Amino acid sequence: MMLLAVLILTALPGDLVISEIMYNPDGTTMGPDELLEWVELYNAGDETVDLDGMILSDSSNQLVLDDYLIQPGEYVVVAASSGAFMDLYGPDIPIVEWNGDWTKLRNSGDQISLSTSDGTIIESVIFSDGWGRDNGSGSPADGDGSTLERIDLLGGTEESNWAPSEDWDHRIVTAGNPLCWGTPGARNSRWR
Ligand SMILES: [Ca+2]
Ligand SMILES: [Ca+2]
Ligand SMILES: [Ca+2]
């Protein structure tokens, strides 16, 4: 049992990745940023990781994750408001609760970091609203309901490894508004 406890508490850098970011939810079809931003985490390692005490932060706010065991190959969502998230996406997507201040991801771009409880940075993504931009038009991840998805979950955090979620390409337009909300809790549509 001692050995198991040690393994669970040892989250090695690189095991956990920030796999998807909803930094600017569509205010028309989804809701306000302060309720419907979310970040998806993925366990790319071989061992179960306890998220308890881990810190998600941007340059101004930080939150501390509650107890949650994320299994290898699993996803979990850190939502600005779990209630608003479930109202939109349904009750079945894994969510980890948290304490502190929501990161309030800036729509012009921000830095989002995942750290261990002692402040060791596991992951840091510095994104801009230009990521996923398509030849002069704005990125669908910047307020149109698409997310930024990490393409290769074992690859780096640089811009070339991120793309707008693919649902944008086959979005349903209702009353002039595109409907697409990313892939929270599930394999990324851009995964390869
Ligand atoms: Ca935002
Ligand atoms: Ca928005
Ligand atoms: Ca996903």
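Modeller: Bearing in mind that this is a predicted model, begin with the inventory of elements: the protein has three helices and 14 strands. Buried residues account for 39% of its 192 residues, and of the contacts between residues at least 6 apart in sequence, 61% join residues at least 24 apart.

Colleague: In which order do the five strands of the open sheet lie, and in which sense do they pair?

Modeller: As a general idea, strands of a sheet pair through backbone hydrogen bonds, either parallel or antiparallel. Here the order is S8-S5-S4-S9-S10, with antiparallel pairing. The edges are formed by strand S8 (98-100) and strand S10 (121-128), each of which pairs on one side only. On average, and ignoring direction, neighbouring strands of this sheet are turned by 20° against each other.

Colleague: How many bridges join S9 and S10?

Modeller: Strand S9, residues 109-115, pairs with S10 in the antiparallel sense over seven bridges, and aspartate 110 stands opposite phenylalanine 127 in S10. The hairpin of S9 and S10 has five residues between the strands, and in this hairpin glycine 119 takes a positive phi near 90°.

Colleague: Which residues have the most contacts inside the largest nonpolar core?

Modeller: The general expectation is that, in soluble globular proteins, nonpolar side chains tend to be buried together. In this model the largest nonpolar core has 43 residues, and those with the most contacts inside it are Ile18, Ile21, Trp38, Val39, Leu41 and Val78. At least two residues of this core come from each of strand S1 (16-22), strand S2 (38-43), strand S4 (55-57), strand S7 (75-79), S9, S10 and strand S12 (162-164). To take one example, leucine 41 touches Leu16, Ile18, Ser19, Ile70, Tyr75, Val76 and Val78, when residues up to four places away in sequence are not counted.

Colleague: Why does leucine 65 count as buried?

Modeller: The test is a count of neighbours, for which the threshold is 20 or more other C-beta atoms within 10 Å. Leucine 65 counts as buried because it has 23 C-beta neighbours inside 10 Å. Leucine 65 is found in strand S5, residues 62-65, and, leaving aside neighbours within four places in sequence, is in contact with Leu51, Asp52, Gly53, Met54, Leu56, Val78, Val96 and Trp98.

Colleague: What separates the C-alpha atoms of leucine 65 and tryptophan 98?

Modeller: Although these two residues are 33 residues apart along the chain, their C-alpha atoms are separated by 4.3 Å.

Terms used
Residues are numbered from 1 along each chain as its sequence is written. Chains are lettered from A and ligands numbered from 1 in the order in which they are written. This is a predicted model: local features need pLDDT of at least 70, side-chain atom pairs count only at pLDDT 80 or more; totals for chains, interfaces and linings use all residues. Helices (H or I, at least four residues) and strands (E, at least two) are DSSP runs, numbered from the N terminus. A residue is buried if 20 or more other C-beta atoms lie within 10 Å of its own, exposed if 12 or fewer, and partly exposed in between; C-beta atoms are placed from the backbone. Two residues are in contact if their C-beta atoms, placed from the backbone, lie within 7 Å. Two strands pair if DSSP finds at least two bridges between them. Axes are lines fitted to C-alpha atoms, for helices over the stretch in contact, and angles run from 0 to 180 degrees between N-to-C directions. A nonpolar core is a set of buried Ala, Val, Leu, Ile, Met, Phe, Trp, Tyr and Cys residues joined through C-beta atoms within 7 Å.
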